[in-house]
Amino acid sequence: VQAFGNSGIKSYLLDAVIPFLNKRANYYLSQLSGNTTEIEFSTQTKLSSGELRDKFEVRIANGVGGDSYKSNSTGERRRIDVAIFLALQDLVLSRSNVKLNILLYDEVFDGLDGVGCENVVNLLREMTKKVDSIFVISHNDNLKVHFDKFLVADKTNGETKIYLEG
């Protein structure tokens, strides 16, 4: 029971990957927010009594915004989200014996301003060094200029047609 509890194997495995996740998430966040925000993953929290308790936490420190996830703006939260899922993706890629050849991002640009979108596009371009194909799903037509090729889905009178542009 203890081995499979919060202070057992789960804690051991999380403790092993936390430094990697912190490093990668903060790398991505620096690219997305210009070194104003930091993420810290932690497997322990300090109680008011000073005792440490096993609890997975994601702490946010924003020099120009809120110091909790919820106290940041929609765009800041989206940058944090993108940094976290890119770090988790790196973790999966680093642990896999099989090279992934496709990544799929659904509405990754939602909530981002123009600069935020450009920064995510730059990170996705960087990802093409690790993965052969990256697909991005978006309803934002303004993003087309950032991509070489794109599929357009057109639904008219209940019929969907898909065609390649670019």
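Me: Before we begin, how are the residues numbered, and what limits apply to a predicted model?

Reply: Residues are counted from 1 along each chain as its sequence is written, and side-chain values use heavy atoms, with hydrogens and water left out. Because this is a predicted model, local features need pLDDT of at least 70 and side-chain atom pairs count only at pLDDT 80 or more, while totals for chains, interfaces and linings use all residues.

Me: How many helices and strands does the chain have?

Reply: Helices (H or I, at least four residues) and strands (E, at least two) are DSSP runs, numbered from the N terminus. Here there are three helices and six strands. Reading from the N terminus, their order is α-β-β-α-β-α-β-β-β. The C-alpha trace spans about 60 × 40 × 35 Å along its principal axes.

Me: What share of the residues in the chain is buried?

Reply: The general idea is a scale of relative accessible area: buried is under 20%, exposed is over 50%, and partly exposed is in between (1.4 Å probe, protein chains only). Of the 166 residues in this chain, 33% are buried.

Me: And which residues touch the most other members of the largest nonpolar core?

Reply: A nonpolar core is a set of buried Ala, Val, Leu, Ile, Met, Phe, Trp, Tyr and Cys residues joined through side-chain atoms within 4.5 Å. The largest one here has 30 residues, and Ile39, Phe41, Tyr105, Phe109 and Val120 touch the most other members. At least two residues of this core come from each of helix H1 (9-33), strand S1 (37-46), H2, S3 and H3.

Me: I keep hearing about aromatic pairs. How many does the structure hold?

Reply: A pair of aromatic rings is described by the distance of the centres and the angle of the planes. Rings of Phe, Tyr and Trp (its six-membered ring) pair if their centres lie within 6.5 Å; planes under 30 degrees apart count as stacked, over 60 as edge-to-face and the rest as tilted. There are four such pairs in this structure. One of them joins Phe85 and Tyr105, with ring centres 5.8 Å apart and planes at 35°, so it is tilted. Phe85 sits in helix H2 (residues 74-95) and Tyr105 in strand S3 (residues 102-106), so the pair ties together parts that are 20 residues apart in sequence. Phe85 is partly exposed at 26% relative accessibility, whereas Tyr105 is buried at 4%.

Me: What about Phe109 and Phe147: how far apart are their ring centres?

Reply: Their centres are 6.4 Å apart and their planes stand at 75°, so this pair is edge-to-face. Phe109 is in the loop between S3 and H3 and Phe147 in the loop between S4 and S5, 38 residues apart, so to speak a link between distant parts of the chain. Phe109 is buried, with a relative accessible area of 5%, while Phe147 is partly exposed at 26%.

Me: Which residues does Phe109 touch, not counting residues up to four places away in sequence?

Reply: Contact means heavy atoms within 4.5 Å. With those sequence neighbours left out, Phe109 touches Arg78, Cys117, Val120, Val121, Leu124, Val136, Leu143 and Phe147. For the chain, residues 24 or more positions apart account for 50% of the contacts with a separation of 6 or more.

Me: Now the pocket. Which residues lie nearest the centre of the largest pocket?

Reply: On a 1 Å grid over the protein atoms alone, a cavity is a set of points where a 1.4 Å probe fits but cannot get out, and a pocket is an open set with protein on both sides within 12 Å along at least five of seven lines; lining residues have an atom within 4 Å of a point. In this structure, 27 residues line the largest pocket, and Val136, Ile137, Lys149, Phe150 and Leu151 lie nearest its centre. Two or more lining residues come from each of helix H3 (114-127), strand S4 (133-137), strand S5 (150-156) and strand S6 (159-165). S4 gives the largest share, five residues.

Me: Last one: where is Asn157, and is it buried or exposed?

Reply: Asn157 is in the loop between S5 and S6, and Asn157 is exposed, with a relative accessible area of 81%. Asn157 also has a positive phi of about 50° although it is not a glycine.
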